[in-house]
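Subject: Structure handover

Hello,

Here is the structure for you to look over. My notes on what turned up follow below it.

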Amino acid sequence: MADQLAIGSRRGLKPALPLLLPAYLWLTVAIFLPLSAMVFFSFMTDLPLAGKEWAFTLGNYEAFFSQSLYSRLLLSSLRLGLEVTLWCVVIGYPAAYVLAKVLKGRSREAIFLLVILPFWSNGLVRIFSWAMVLREGGILDTALNAVLPFKINIDLMYSYPAVIIGLVHSYVPYMVLTCYLTLQAIDDSLIEAGRSLGASRRQVLWRVIIPLSMPGLIAGSALIFVPVVGSFMEPRILGGRTGTFYGTVIEDQFAAVFNWPLGAALSFILLAVVLIILALAAPVLRRAG
Amino acid sequence: MATTRILEWLGRFYIVLLLGFLYLPIVIMAAMSFNASPFYQLPFEWTTDWYASLWQNDQLIAATWNSIEIAVITTIISTVLGAMASLALYRYEFRGKKLLQALLFPPIAIPWLITGTAMLIFFFGVGIGRGLIAILLGHVALALPYVIVVVSARLQTFAPELEEAARSLGANQWQVTMRVTLPWIMPGVIAGGLFAFAVSFDQFVVSYFLATPGQTTLPVEIYAAIRKGFTPEINAVSTIIIVVSMALMLLTARFFKFGGEK
């Protein structure tokens with residue numbers, strides 16, 4: 001290790017600076033300064049633009065803590081995040097297991113790619129595609145009524161389950177990916193050893209496989225939970241009037257009501273919640289990443 | 001052993017179900033873009049009218065060009081800046097390096113809703129305002145960490161002795177970089193570039209907060225259209241988008257395996 005350092009790397013920030021500066025300056029201007037500005041604005045009464053009167057205030061945060069509406073919405077967004085994450089575990093983990101331990105060779109590579117592919121395609125469009133499936137007279141409705149002998153009415157569109165389905169569809173590949181990476185690293189001989197020592201399939205699963213793949217489960221959960229809590233487009237399209245969550249209220253402050261300071265305060269509270277969650281998951285994420 | 005084989009077949013069947021869940025809605029959406037009924041009525045009747053009418057929609061076409069332009073410029077800027085930063089992080093040891101690497105994490109991990117609204121506030125405050133420039137500033141910042149992560153991963157497979165050998169044979173720093181290091185990390189740079197293009201081309205949330213009515217991107221236009229009501233025209237343009245972005249990712253996968261096998 002010491003040898004490699006001597007050959008490969010050189011000391012000092014000075015020669016590295018010209019290479020680093022452009023990228024990090026850009027990140028500063030477009031990410032870190034804006035996040036700081038958001039904190040600053042959240043303590044203002046109005047935007048300091050066009051000669052408007054403004055002053056410092058705690059009012060935006062008071063609004064959050066005094067009006068139960070906002071904390072209730074934050075709670076329902078957290079609940080949404082939890083439910084979507086759980087569904088992603090239930091659906092994604094078995095798939096990751098089959099990919100890592102049952103399929104072999106080229107077919108594994110191809111199917112892995114097929115599962116991951118939608119994740120990297122346009123999220124908005126995929127949410128929209130569910131509208132085609134879920135609405136009344138849509139495909140699900142038509143197909144079920146063609147098969148079933150009795151008439152049923154499937155109109156999941158603009159409901160809480162629709163939002164869950166769309167979000168799970170959006171994020172389940174993430175869970176498959178992270179779990180696959182940790183499951184693949186488990187030595188098959190460990191599983192065989194457990195079996196030959198007389199453990200049942202179930203015991204091997206609970207005592208060997210799941211504990212060893214825990215980093216993947218936690219990493220996947222954090223990477224799903226965080227964006228779901230901040231989602232607004234998915235509930236808007238699939239949830240309709242039932243789709244009011246914390247994210248949609250923030251969107252409203254910026255896109256409809258134009259109460260930016262309140263929006264900034266709400267955003268910052270969400271950021272704090274997100275950072276706490278990421279900090280809790282960070283040790284695991286670092287080991288898995 | 002018989003149970004094992006049954007379980008394995010159940011597993012394969014399950015994967016097929018999952019793929020159905022993942023792809024069925026997309027396939028249905030695409031199919032509906034070729035259906036004649038404007039209200040998505042069945043029976044299915046083949047038509048390409050909806051694609052034809054896209055060509056008449058000047059607003060959509062303008063937004064598409066904006067999307068492509070921004071994605072191309074984002075790709076160029078973020079690939080160059082990202083590759084430079086990755087090289088520096090690989091080559092040099094200095095205090096605060098860990099911090100610089102950790103700073104790449106927030107742009108990826110913080111929900112775009114927060115990043116997008118923060119950019120809106122800041123760009124407004126400093127006078128950049130909304131529009132294509134603001135969107136470009138934001139997209140490059142979102143793409144940079146991905147490029148750096150992907151290129152850095154490729155650099156991990158690079159043998160530093162090669163640089164040393166070239167140097168001892170009389171090559172200067174620039175020659176070493178251009179003739180030895182860069183060719184080796186090229187697959188990573190290309191993959192990073194494709195990632196950057198996809199991040200920008202598919203970006204909705206951040207663009208949404210930074211767009212103005214005249215200066216907007218395709219996903220923002222689609223969102224506005226969806227909120228007005230569904231039409232097969234949205235299906236048509238959505239189908240084009242999803243085909244483009246999936247093709248892009250397949251291309252990326254050719255250059256860079258998604259962390260799976262080494």
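Chain B has twelve helices and one strand. Bear in mind that this is a predicted model. Along the sequence, chain B runs α-α-α-β-α-α-α-α-α-α-α-α-α. Its C-alpha atoms fill a box of roughly 75 × 70 × 30 Å along the principal axes. Of the 262 residues in chain B, 53% are buried. Take the contacts in chain B with a separation of 6 or more: 72% of them are between residues 24 or more positions apart.

Nonpolar cores

The largest nonpolar core has 174 residues. Seven members touch the most others: Leu20(A), Val84(A), Phe232(A), Leu238(A), Tyr246(A), Leu270(A) and Phe204(B). Helix 7 of chain B (residues 132-155) supplies the largest share of this core, 15 residues.

Phe232(A) deserves a look on screen. Leave aside its neighbours within four places in sequence. In chain A, Phe232(A) is then in contact with Gly247(A), Thr248(A) and Glu251(A). In chain B, Phe232(A) is in contact with Leu113(B), Phe204(B), Val205(B), Tyr208(B), Phe209(B) and Tyr223(B).

Helix 6 of chain A

This helix covers residues 123-134. At 1.5 Å a residue, its twelve residues should span 16 Å. The end C-alpha atoms are 17 Å apart, which agrees. Eleven of the twelve residues are buried, so helix 6 of chain A is largely enclosed by the rest of the structure. The buried residues include Arg126(A), Phe128(A), Ser129(A), Trp130(A) and Met132(A).

What do they pack against? Within chain A, the buried residues of helix 6 pack against helix 7 (139-147), helix 8 (160-185) and helix 12 (233-239). From chain B, they pack against helix 1 (2-32), helix 11 (218-228) and helix 12 (232-255).

Asn122(A) caps the N-terminal end of helix 6 of chain A. A side-chain oxygen of Asn122(A) lies 3.0 Å from the backbone nitrogen of Leu124(A).

Asn235(B) sits in helix 12 of chain B. Asn235(B) is buried, with a relative accessible area of 0%. Leaving aside neighbours within four places in sequence, Asn235(B) is in contact with Phe128(A) and Met132(A) from chain A. Its contacts in chain B are Met29(B), Met32(B), Ser33(B) and Tyr40(B).

Salt bridges

Side chains of opposite charge can pair when their charged atoms come close. How many salt bridges does the structure hold over all chains? The count is nine.

Asp188(A) and Lys101(A) form one, at 3.1 Å from N to O. This pair links distant parts of the chain, 87 residues apart. Asp188(A) is in helix 9 (residues 188-196) of chain A, and Lys101(A) is in helix 4 (residues 68-102) of chain A. Asp188(A) is partly exposed, at 38% relative accessibility. Lys101(A) is buried, at 15%.

In chain B, Arg91(B) forms a salt bridge with Glu163(B), with the closest N and O atoms 2.9 Å apart. Arg91(B) lies in helix 3 (residues 58-91) and Glu163(B) in helix 8 (residues 160-168) of chain B, so the pair ties together parts that are 72 residues apart in sequence. Arg91(B) is buried, with a relative accessible area of 2%. Glu163(B) is buried, at 2% relative accessibility.

Glu164(B) and Arg167(B) also meet in a salt bridge, 3.1 Å from N to O. They are three residues apart in helix 8 of chain B, so about one helical turn separates them. Glu164(B) is partly exposed at 34%, and Arg167(B) is partly exposed at 22%.

Salt bridges with shared partners join Arg236(A), Glu251(A), Asp252(A) and Arg227(B).

Cysteines

A search of the whole structure finds zero disulfides over all chains. Cys88(A) is in no disulfide, and the nearest cysteine sulfur, that of Cys179(A), is 10 Å away. Cys88(A) is buried, with a relative accessible area of 0%. Cys179(A) is in no disulfide either. Cys179(A) is buried, also with a relative accessible area of 0%.

Best wishes

Note on methods:
Residues are numbered from 1 along each chain as its sequence is written. Chains are lettered from A and ligands numbered from 1 in the order in which they are written. This is a predicted model: local features need pLDDT of at least 70, side-chain atom pairs count only at pLDDT 80 or more; totals for chains, interfaces and linings use all residues. Side-chain values use heavy atoms; hydrogens and water are left out. A nonpolar core is a set of buried Ala, Val, Leu, Ile, Met, Phe, Trp, Tyr and Cys residues joined through side-chain atoms within 4.5 Å. Buried means under 20% relative accessible area, exposed over 50%, partly exposed in between (1.4 Å probe, protein chains only). Helices (H or I, at least four residues) and strands (E, at least two) are DSSP runs, numbered from the N terminus. Contact means heavy atoms within 4.5 Å. A disulfide is a pair of cysteine sulfur atoms within 2.5 Å. A salt bridge is a side-chain nitrogen of Lys or Arg within 4 Å of a carboxyl oxygen of Asp or Glu. The expected span of a helix is 1.5 Å times one less than its number of residues. A polar contact is a pair of N or O atoms within 3.5 Å; within protein, one must be able to donate a hydrogen and the other to accept it, and residues adjacent in sequence count only if both atoms are side-chain atoms.
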